[in-house]
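The following exercises concern a single protein chain. Each task is followed by a solution worked in steps.

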Amino acid sequence: MSGFEAGSSLTVASAKSALADGLARIGAGATAVDCAALTQFDSSALAVLLAWQRAAQARGTALDILNLPPKLASLARAYGVDALIEGTGRH
């Protein structure tokens, strides 16, 4: 499985560059993103993760979201997108 790391911060300040970087990696064949190092995030992180998933789906693959931080999973539930985010690999 080819993957990449989300980094330690994914907030409104870093979302645009993180989105572009992730899209490039998905375009190159990445099928997983590891969120283990992610310690600073806001709702922008959910938008980026969903956009990465859509990009992977457009390529005909799935994007596994690994090691989603519990607080980000809770935020996903609050926004009603937990099934979309948590429905992928949670290793």
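**Exercise 1. Identify the residues with the most contacts inside the largest nonpolar core, and the elements that supply it.**

Step 1. The largest nonpolar core comprises 26 residues, and Val33, Leu49, Trp52, Leu68 and Ile85 have the most contacts inside it. Such a core is a set of buried Ala, Val, Leu, Ile, Met, Phe, Trp, Tyr and Cys residues joined through side-chain atoms within 4.5 Å. Buried means under 20% relative accessible area, exposed over 50%, and partly exposed in between (1.4 Å probe, protein chains only).

Step 2. Two or more residues come from each of helix H1 (15-27), helix H2 (43-58) and helix H3 (70-79). With eight residues, H2 gives the most to this core. Helices (H or I, at least four residues) and strands (E, at least two) are DSSP runs, numbered from the N terminus.

Before continuing, note that this is a predicted model, in which local features need pLDDT of at least 70 and side-chain atom pairs count only at pLDDT 80 or more, while totals for chains, interfaces and linings use all residues. Residues are numbered from 1 along each chain as its sequence is written, and side-chain values use heavy atoms, with hydrogens and water left out.

**Exercise 2. Describe the surroundings of Trp52 and classify its aromatic pair.**

Step 1. Beyond its neighbours within four places in sequence, Trp52 is in contact (heavy atoms within 4.5 Å) with Phe4, Ala18, Leu19, Gly22, Leu23, Ile26, Val33 and Leu63.

Step 2. One aromatic pair is present in the structure. The ring centres of Phe4 and Trp52 are 5.1 Å apart and the planes stand at 80°, so the pair is edge-to-face. Rings of Phe, Tyr and Trp (its six-membered ring) pair if their centres lie within 6.5 Å; planes under 30 degrees apart count as stacked, over 60 as edge-to-face and the rest as tilted.

Step 3. Since Phe4 belongs to strand S1 (residues 3-5) and Trp52 to helix H2, the pair ties together parts that are 48 residues apart in sequence. Both Phe4 and Trp52 are buried.

**Exercise 3. Determine how H2 and H3 are oriented, and which residues make the contact.**

Step 1. The axes of H2 and H3 are 10 Å apart, and the helices pack at an angle of about 80°. Axes are lines fitted to C-alpha atoms, for helices over the stretch in contact, and angles run from 0 to 180 degrees between N-to-C directions.

Step 2. H2 is therefore roughly perpendicular to H3; angles under 35 degrees count as roughly parallel, over 145 as roughly antiparallel, 65 to 115 as roughly perpendicular and the rest as oblique.

Step 3. On H2 the contact is made by Ser43, Ala45, Leu46 and Leu49, and on H3 by Leu72, Leu75, Ala76 and Tyr79.

**Exercise 4. Locate the salt bridge and state the exposure of its partners.**

Step 1. The count is one salt bridge, defined as a side-chain nitrogen of Lys or Arg within 4 Å of a carboxyl oxygen of Asp or Glu. Asp21 forms it with Arg25, and the closest N and O atoms are 3.0 Å apart.

Step 2. Asp21 and Arg25 are separated by about one helical turn because they are four residues apart in helix H1. Asp21 is partly exposed at 36% relative accessible area, and Arg25 is partly exposed at 39%.

**Exercise 5. Characterise the loop residues Asn67 and Ala62.**

Step 1. Asn67 sits in the loop between strand S5 (64-66) and H3. Although not a glycine, Asn67 has a positive phi of about 55°.

Step 2. Ala62 lies in the loop between H2 and S5 and is exposed, with a relative accessible area of 53%. Not counting residues up to four places away in sequence, Ala62 touches Thr31 and Ala56.
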